[in-house]
Amino acid sequence: MGFVGMFFFSLLLLLGILSQQLLRSQRARNYALLATSLLFYFFGGVIYILLLILETMLFWYCGLLMAEAKGPAQKKAMTAGPVVFSLVLLILFKYTTPVLEMTRQMFRAPQVVPQIVMPLGISVYTLNLISYLVDVYRGKTEPEQSFVSLLT
């Protein structure tokens, strides 16, 4: 299912603003913001919600484990693993279709190029997660205890 245009964005924006104005507790506002964000991704494709949640879960868990790491080598591994994984995933989403299309035009192979659609905003979201984990690694911030807060 695709996005439906300005009406969709306006309705989603209105829903987000109203929820932030009507709800009093910060926790309720965070849950409403998360629900609005997931609704936005739902219309882009349900599979992307799963990707977003799993990627966030990986970074959240590694951030928590980093606080208990015994040495710098463990901390580096808990930082490098998720960063490399998410960057490889991002590169696959961004460049697989253009590279295969260029290869098809130059060498007439492959015959069929899969049209991989990159989730909207996944680059910014991934870079924010990387920034969070690097900050935890450097000791600039404490690991986020709430998965919902990190996901939001």
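How many helices and how many strands are there in the chain? The chain has six helices and zero strands; helices (H or I, at least four residues) and strands (E, at least two) are DSSP runs, numbered from the N terminus. Along the sequence the pattern reads α-α-α-α-α-α. This is a predicted model: local features need pLDDT of at least 70, side-chain atom pairs count only at pLDDT 80 or more, and totals for chains, interfaces and linings use all residues. Residues are numbered from 1 along each chain as its sequence is written, and side-chain values use heavy atoms, with hydrogens and water left out.

**Overall dimensions and burial**

- The chain has a radius of gyration of 19 Å, whereas a compact globule of 152 residues would have one near 15 Å. The radius is taken over C-alpha atoms, and the globule rule is 2.2 Å times the number of residues to the power 0.38.
- Along the principal axes, the C-alpha atoms fill a box of roughly 55 × 50 × 20 Å.
- Of the 152 residues, 30% count as buried (under 20% relative accessible area; exposed is over 50%, partly exposed in between; 1.4 Å probe, protein chains only).
- The chain exposes about 9,900 Å², and carbon and sulfur atoms supply 70% of that area (Shrake-Rupley method, 1.4 Å probe; for residues, only the protein chains shown count as cover).
- Among contacts with a separation of 6 or more, 67% come from residues 24 or more positions apart. Contact means heavy atoms within 4.5 Å.

**Helices H4 and H5**

- The axes of H4 (residues 72–107) and H5 (residues 122–138) come within 10 Å and cross at roughly 170 degrees. Axes are lines fitted to C-alpha atoms, for helices over the stretch in contact, and angles run from 0 to 180 degrees between N-to-C directions.
- That crossing makes H4 roughly antiparallel to H5 (over 145 degrees; under 35 is roughly parallel, 65 to 115 roughly perpendicular, the rest oblique).
- H4 contributes residues including Met 78, Pro 82, Val 83, Leu 87 and Leu 90 to the contact. From H5 come, among them, Ile 122, Ile 130, Leu 133, Val 134 and Tyr 137.
- The contact residues divide into ten nonpolar, four polar and three charged (Ala, Val, Leu, Ile, Met, Phe, Trp, Tyr, Cys and Pro are nonpolar; Asp, Glu, Lys and Arg charged; the others, Gly among them, polar).

**The loop between H4 and H5**

- Arg 108 lies in this loop. Its phi is positive, about 60 degrees, although Arg 108 is not a glycine.
- Arg 108 counts as exposed, at 62% relative accessibility.
- Pro 110 is also in the loop. A cis peptide bond joins Ala 109 and Pro 110, with omega about 0 degrees.
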